Amino acid sequence: MNCKEALPLIHEYLDGDLQGSDSRLLKEHLIACQACHALFKQLEKTDALVRMLPPLRASDTLTEQIMSGLPPMKQRSGWMDFIRRHPAGSVAVVFGAVMFGSFMSMWNDDTNLMVKGSNLQDVVIQGDTVIVPQGHTVQGDLVVQRGTLKVEGDVTGNLTVIDGTLNLASTAHISGQVTQVNEAIGWVWYKLGEFVGMLSN
């Protein structure tokens with residue numbers, strides 16, 4: 001056993017916790033090592049002096065004195081309390097803000113004509129004008145973005161024109177709803193509705 005290994009065993013011995021072979025090894029080391037033996041005697045005297053001291057009783061005002069000495073607690077903001085108490089709500093708010101920002105960015109960045117529908121073979125596209133000719137029927141929903149939509153025939157679903165123009169001829173027949181979105185906020189609501197619809201399917 002070396003001195004480094006002996007030191008923690010000395011403390012254990014003085015606490016009355018050292019037993020068995022460790023106790024025997026420590027005694028052998030203390031006989032052989034004068035430095036550790038001197039340290040052991042010094043610690044033994046200190047331990048005896050501490051045990052002779054009368055027990056101290058804390059004053060009744062100690063807690064109050066300690067608390068008054070501490071720095072004042074910082075006031076938490078209402079938002080931080082809300083976030084701690086409602087983590088799911090906080091995530092939903094952040095998600096909504098990110099979605100809103102991305103939809104606004106899409107509104108500003110996208111300048112190309114976009115035509116979306118499940119059945120587009122009866123649709124004619126000329127430049128930025130989309131035409132549903134008379135005598136033709138578009139089955140399902142039809143969405144036109146950043147262009148002019150002229151409907152002379154039939155659409156059996158909903159009709160949505162985003163940031164564009166809609167011209168309905170007297171021969172046009174739309175069986176669903178007709179929606180025009182010409183503002184960024186309306187676009188955001190439209191995209192949110194589309195997103196919720198995707199989640200529910």
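Biologist: At what angle do H1 and helix H2 pack, and how far apart are their axes?

Modeller: Bear in mind that this is a predicted model. Here H1 and H2 (residues 20-32) pack at about 120°, and their axes are 10 Å apart. That makes H1 oblique to H2. As for handedness, H1 passes H2 in a left-handed crossing.

Biologist: Which residues of H1 and H2 meet?

Modeller: On the H1 side you'll find Cys-3, Ala-6, Leu-9, Ile-10 and Tyr-13, and they meet Asp-22, Leu-26, His-29 and Leu-30 in H2. Sorted by class, the contact of H1 with H2 has 7 nonpolar residues, 1 polar and 1 charged.

Biologist: Now H1 and H3. How do I read that pair?

Modeller: Start with the axes again. For H1 (residues 3-15) and H3 (residues 34-52), they come within 11 Å and cross at roughly 25°. Angles under 35 degrees count as roughly parallel, so H1 is roughly parallel to H3. This crossing is right-handed.

Biologist: Which residues in H1 and H3 meet?

Modeller: From H1 come Cys-3, Ala-6, Leu-7, Ile-10, His-11, Tyr-13 and Leu-14; across from them in H3 sit Cys-36, Leu-39, Phe-40, Leu-43, Glu-44, Asp-47 and Arg-51. The contact of H1 with H3 has 10 nonpolar, 1 polar and 3 charged residues.

Biologist: And H2 with H3: at what angle do their axes cross?

Modeller: Roughly 110°, with the axes of H2 and H3 coming within 6 Å. H2 and H3 are therefore roughly perpendicular to each other. His-29, Leu-30, Ile-31 and Ala-32 of H2 make the contact with Gln-34, Cys-36, His-37 and Phe-40 of H3. That contact of H2 with H3 divides into 5 nonpolar and 3 polar residues, with no charged ones.

Biologist: Let's turn to cores. What's the general idea?

Modeller: In soluble globular proteins, nonpolar side chains tend to be buried together. In this model, the largest nonpolar core has 13 residues, and Val-132, Leu-142, Leu-149, Val-151, Val-155, Leu-159 and Leu-166 have the most contacts inside it.

Biologist: Which elements give two or more residues to this core?

Modeller: Strands do: E3 (129-132), E5 (142-145), E6 (148-151) and E8 (159-162). Apart from this core lies another one, of 10 residues, among them Leu-9, Leu-26, Cys-36 and Phe-40.

Biologist: What does Leu-142 touch, not counting residues up to four places away in sequence?

Modeller: The partners of Leu-142 are Val-115, Lys-116, Leu-120, Val-132, Leu-149, Val-155, Asn-158, Leu-159 and Thr-160.

Terms used: Residues numbered from 1 in each chain as written. Predicted model: local features only at pLDDT ≥ 70, side-chain atom pairs only at ≥ 80, totals over all residues. Heavy atoms only, no water. Axes fitted to C-alpha atoms, helices over the stretch in contact; angles between N-to-C directions. Helix = DSSP H or I, 4+ residues; strand = E, 2+ residues; numbered from the N terminus. Parallel < 35°, antiparallel > 145°, perpendicular 65-115°, else oblique. Left-handed = near helix turned anticlockwise from the far one by under 90°. Contact = heavy atoms within 4.5 Å. Nonpolar A, V, L, I, M, F, W, Y, C, P; charged D, E, K, R; others polar. Core = buried A, V, L, I, M, F, W, Y, C linked by side-chain atoms within 4.5 Å. Buried < 20%, exposed > 50% of the residue type's maximum accessible area, 1.4 Å probe, protein only.
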